[in-house]
Amino acid sequence: MSHLSSPPKKHKGEHKGHSLPHGSERGSSSRDKDRSATVSSSVPMPAGGKGSHPSSTPQRVPNRLIHEKSPYLLQHAYNPVDWYPWGQEAFDKARKENKPIFLSVGYSTCHWCHMMEEESFQNEEIGRLLSEDFVSVKVDREERPDVDKVYMTFVQATSSGGGWPMNVWLTPNLQPFVGGTYFPPEDGLTRVGFRTVLLRIREQWKQNKNTLLENSQRVTTALLARSEISMGDRQLPPSAATMNNRCFQQLDEGYDEEYGGFAEAPKFPTPVILSFLFSYWLSHRLTQDGSRAQQMALHTLKMMANGGIRDHVGQVTDTGCSLGGAAEGCGVGQRLGLASSFVFHLVQGFHRYSTDCQWHVPHFEKMLYDQAQLAVAFSQAFQISGDEFYSDVAKGILQYVARSLSHRSGGFYSAEDADSPPERGTRPKEGAYYVWTVKEVQQLLPEPVLGATEPLTSGQLLMKHYGLTEAGNISPSQDPKGELQGQNVLTVRYSLELTAARFGLDVEAVRTLLNTGLEKLFQARKHRPKPHLDSKMLAAWNGLMVSGYAVTGAVLGQDRLINYATNGAKFLKRHMFDVASGRLMRTCYTGSGGTVEHSNPPCWGFLEDYAFVVRGLLDLYEASQESAWLEWALRLQDTQDRLFWDSQGGGYFCSEAELGAGLPLRLKDDQDGAEPSANSVSAHNLLRLHGFTGHKDWMDKCVCLLTAFSERMRRVPVALPEMVRALSAQQQTLKQIVICGDRQAKDTKALVQCVHSVYIPNKVLILADGDPSSFLSRQLPFLSTLRRLEDQATAYVCENQACSMPITDPCELRKLLHP
């Protein structure tokens, strides 16, 4: 499930005419329509009465959340609500006092979570209701994804959608009976207010508690049956060719020809879909459908990168001294054949999603997991197309992460908020840090442009190119609260060539003027109050970011990027790994003076933490050829199998049995959304680990996992594009590309870089250094039979236990890999 605070639409494929599935990310944005509460219940809920009770000024007396580490929980530490963190103390109180539990789930950069706190949780009267008649529990969904998934399943199953904030009422035994998302504080003409809901539930609990309990049990039993994922009587997974074609056809039907993407507003990046399309293109590249898949993915990425979902205000950076500078001192521009004086504009990453179909007006929060996956997607687009536009975008994403989301010890922070104060001391507004008025731009860029065919300033040139208008370029329908009147979101309206032609200027002159202008906007923006930073660090998202740096660094041949991945992996091992038990920790936090702190007791890892970290380590091994990362990946996979594998039904549960004790469901995530399903990633990991080690049990587990998800893939393959990719890899078999040579030698590096320059998703890259006692030589005895040719670094491409003739020329290797 992705981050969004509104209800999702239902899955295309389950019934006709609905949009594509993206978990609970699907739904209305904060600006695309008037928000109404989504209420789900196992009993009828009457629409409520009236009454306006304005919030009084909250007393600055902390509640027990003040002792928590989570930035989200700390945001609620001064609410006039007797909040409890998720735990036994709250459950015991509910049972002892025979009160329902009010569970509120959100995250610290969630716009509508902020709104509900301001409107309801800071209201003294609502605070008394929550404290006296309920046991109120706050959960950071990023700390406890298991709690979030269980109750989101209930909300989605019993209503039209889900999202955050998620608010659910539970029995003292943790079984849900009413749930919803954002509630306004008071009733409107067509919506139920939060105060009314609390009063009605209080009444129902007093008068009809037995009915509530019975209905809650019935709903829970139905959810158990509905959510079961198992091999059953099936022996094998479905045909990869059939699932591939069906998934492609479903994506093709929902594709936006003009703007790219696969749904109506709001639109999400969804890198798992783009990754599927690239893989589909590779296996169908001689067909019309293959060309179509490539075009859909590349066009979507380009439209996203030109749209307002990408933050265009950034620094102009010389290619020789940016993140991209190669280890041997050669700038990116030189490596890519550009003039040494060439500069390019590096932007500030991507926002969470677009509220419109044009990728124009974003929901402004920036999530680490989006940056990580989009860096990989743009790197793959560069591999496939050779267009440096895509590699520049990938580098810009990673520079943003290095500057704004990185801990000094190598870890990566979770997110930046959508909201910030327009000026210091003012009330935060969504997007305030990122939007511009025409007056601001004119004042910052008053210089005349010489040589233009009409009077023109630098500001006017920038405004034309990026679509700024006097009245603002944000539609009122995108801004129901009127916070963005007269404001503009930068979005590329024209190519450099068209802008240059419009004013009779040279293309390079326009590029320089725009970059200089954006640099001035960047410097001016530094003086604005920054959005809140969620400095919590999650193992799963750090694993994704290790992949982002490792894959991009390998593709572009930039050791400095790979070093960021290495430092991220070192951080995970130093701060988020318990050596004694072999377990990952889910979270750690920034302490005073930049130290790293943990909660006590620690929050242990979930399936996604293991799956994403293992993927990151495998990508880092292939980028760096340092076998220590591969060894750690194998150890973590063993721990994952021990803690989460379903030996009866196949596949992995999302949480440990003990960690989720008391929860009514133990789930297996079955959807690739804003983040890929941990089971989909695990299927790929198992295949790759089998390729690195030859251990048959990992291949057997992969087949069992794919078989367990067979029904889901058959019914709606577009819900699991990443798993369909794994299914294809399993049935086509992986290539083992073996480079025999010294890791530091130039000829070895040339062959390795040749492999990374080609898009080959279904492969493992192995360095054989000739040492029979090395880790990989012990895993794969056949490596000892492969020799260097005439003492040169030599490549072999092996499939189905047969290897190619030895190759020493990178050009010949490239022909073999990409005929």
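**Helix H5.** I looked up how far H5 is covered, and 10 of its 14 residues are buried, so the rest of the structure largely encloses this helix. Buried here means under 20% relative accessible area, with exposed over 50% and partly exposed in between (1.4 Å probe, protein chains only). The model is predicted: local features need pLDDT of at least 70, side-chain atom pairs count only at pLDDT 80 or more, and totals for chains, interfaces and linings use all residues. I number residues from 1 along each chain as its sequence is written, and side-chain values use heavy atoms, with hydrogens and water left out. Among the buried residues of H5 I noted Pro145, Asp146, Tyr151 and Phe154.

I then checked the length of H5 (residues 145–158). At 1.5 Å a residue it should span 20 Å, and its end C-alpha atoms are 20 Å apart, which agrees. The expected span is 1.5 Å times one less than the number of residues. Helices (H or I, at least four residues) and strands (E, at least two) are DSSP runs, numbered from the N terminus.

**Thr109.** Where does Thr109 lie? I found Thr109 in the loop between strand S3 (101–106) and helix H3 (111–121). Thr109 is buried, with a relative accessible area of 0%. Its side chain makes a polar contact with the side chain of Glu365 at 3.2 Å. A polar contact is a pair of N or O atoms within 3.5 Å; within protein, one must be able to donate a hydrogen and the other to accept it, and residues adjacent in sequence count only if both atoms are side-chain atoms. Leaving out residues up to four places away in sequence, Thr109 touches residues including Met367, Glu416 and Asp534; contact means heavy atoms within 4.5 Å.

**Sheet S11-S12-S15.** I traced an open sheet of 3 strands in this order, with antiparallel pairing. S11 (366–367) and S15 (533–534) are at the edges with a single partner strand each, so one side of each has no neighbour in the sheet. Two strands pair if DSSP finds at least two bridges between them. S11 and S12 (residues 415–416) have 2 bridges, and Lys366 stands opposite Glu416 in S12.

**Strand S23.** I counted 5 of the 6 residues of S23 (residues 794–799) as buried. S21 (residues 735–740) is joined to S23 by 5 bridges and runs antiparallel to it; Ile737 is opposite Val797. S23 also forms a hairpin with S24, with 2 residues between them, and Asn800 in the turn has a positive phi of about 50°. Across this pair, Cys798 stands opposite Cys803 in S24.
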